[in-house]
Amino acid sequence: MYEGRRTLRRLPEGRPELPYTHLDVVPQGRVIGAEIRGADLTRPLGPAVREELHRALLEWKVLFFRAAHLTSDQQRDFARNWGELETNPLLARGSADDVARFEKGGNAAPTFENVWHADVTFRERPALGAVLQLREVPPVGGDTMWADMAAAYDNLPDAIKARVDDAVAVHDFIPGFARFYGPEQLAPLQDEFPPVTHPVVRTHPETGRRMLFVNTSFTTHIVGMDRAESDRLLGFLVRQAHVPEYQVRWRWRAGDIAFWDNRATQHYAVDDYAPHRRVAERVAISGDRPY
């Protein structure tokens, strides 16, 4: 890691700051994260509101909605404004196949989300984004953090950019999930989710921003490098998400919604609330193949 002033550019270079006329957008961080006020997520979105929410998502990367209190069906309907919904057999099911349920504390089985990661990068087409709602919150703790991976790329030393700009890496679900399954359960999952390769630096298909696209949970090695060199370089790259200047942190209340661009961010669920319960439901939106 390194110290000193960092480039903190929220918008693509040359893109002007435009006003919002149908929403109140309240920044929560310098480059990432905004609370949205004035949008009723329990009702179908009008075209103008949907367009402004989409622009806000691209500009702020993660959007927060206080006390939305959506039903699972309303949460799914909101997410469908951005595409088909994704199912994930590796996660506990909520009220439908495309609703994942995260329940921790009490007698719930342990899970491990307190690592910086982007969702399902082990798929050929990782999720475009996700809509997460907290159903039950602990009395203190249980925040979630997001990091802007375009800012992380912008601030790489030129020598590192030269090494990674055209590199590809292997992503595999095994590092993130093998601890939860026995050998007999893993075999069919490995057939369904074989390792895939993605660029180490992907281009956002809508903004054109260049972004780091490797993470601790699923990226195993960089193609064409010996393992020691790959491990050293990946270690440096994944630590870029740890830089506070690139982050936003949300303190949840029951019924809050977070909607994030999985192409542009990584996230970390802070596990500091035991023995209290924390229950969340997530709906993911199918994405495209990174390039």
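Let's start with a strand pair. β8, residues 168-171, runs antiparallel to β9, with 4 bridges between them. Strands here are DSSP runs of E, at least two residues long, and helices are runs of H or I, at least four residues, all numbered from the N terminus. Two strands count as paired if DSSP finds at least two bridges between them. Within this pair, Val168 sits opposite Pro199 in β9.

Before going on, the ground rules. This is a predicted model: local features need pLDDT of at least 70, side-chain atom pairs count only at pLDDT 80 or more, and totals for chains, interfaces and linings use all residues. Residues are numbered from 1 along each chain as its sequence is written, and side-chain values use heavy atoms, with hydrogens and water left out.

Back to the sheet. It is open, has 3 strands, and the order is β9-β8-β12, with antiparallel pairing. β9 (196-199) and β12 (219-222) are the edge strands, each pairing on one side only. The twist averages 35° from one strand to the next. That angle is taken between N-to-C directions, from 0 to 180 degrees, using axes that are lines fitted to C-alpha atoms, for helices over the stretch in contact.

Next, helix α1, residues 47-60. It has 14 residues and spans 20 Å from first C-alpha to last, close to the 20 Å expected at 1.5 Å a residue. The expected span is 1.5 Å times one less than the number of residues. Its buried residues include Leu53, Ala56, Leu57 and Trp60. Buried means under 20% relative accessible area, exposed over 50%, partly exposed in between, with a 1.4 Å probe and protein chains only. What lies over them? The cover includes β1, β2 (34-37), β3 (62-65), α2 (72-79) and β14 (257-261). Contact here means heavy atoms within 4.5 Å. Just after the helix, Lys61 has a positive phi of about 75°.

Now two polar residues. Arg9 is in the segment before β1 (24-27). Arg9 is partly exposed, at 26% relative accessible area. Its side chain makes a polar contact with the side chain of Asp154, at 3.4 Å. A polar contact is a pair of N or O atoms within 3.5 Å; within protein, one must be able to donate a hydrogen and the other to accept it, and residues adjacent in sequence count only if both atoms are side-chain atoms. The Arg9 side chain also reaches the backbone oxygen of Leu11, at 3.4 Å. The C-alpha atoms of Arg9 and Ala151 are 6.8 Å apart, across 142 residues of chain.

Asn88 sits in the loop between β4 (85-86) and β5 (100-104). Buried or exposed? Asn88 is buried, at 11% relative accessibility. Its side chain reaches the backbone nitrogen of Leu90 at 3.0 Å.

Last, the aromatics. There are 15 aromatic pairs. Rings of Phe, Tyr and Trp (its six-membered ring) pair if their centres lie within 6.5 Å; planes under 30 degrees apart are stacked, over 60 edge-to-face, the rest tilted. Phe122 and Phe193 are edge-to-face, at 5.4 Å centre to centre and 80° between planes. They are 71 residues apart. Phe122 is buried at 2%, and Phe193 is buried at 6%. Trp146 and Trp260 have centres 5.5 Å apart and planes at 55°, so that pair is tilted. Trp146 is in β7 (144-148) and Trp260 in β14, so the pair ties together parts 114 residues apart in sequence.
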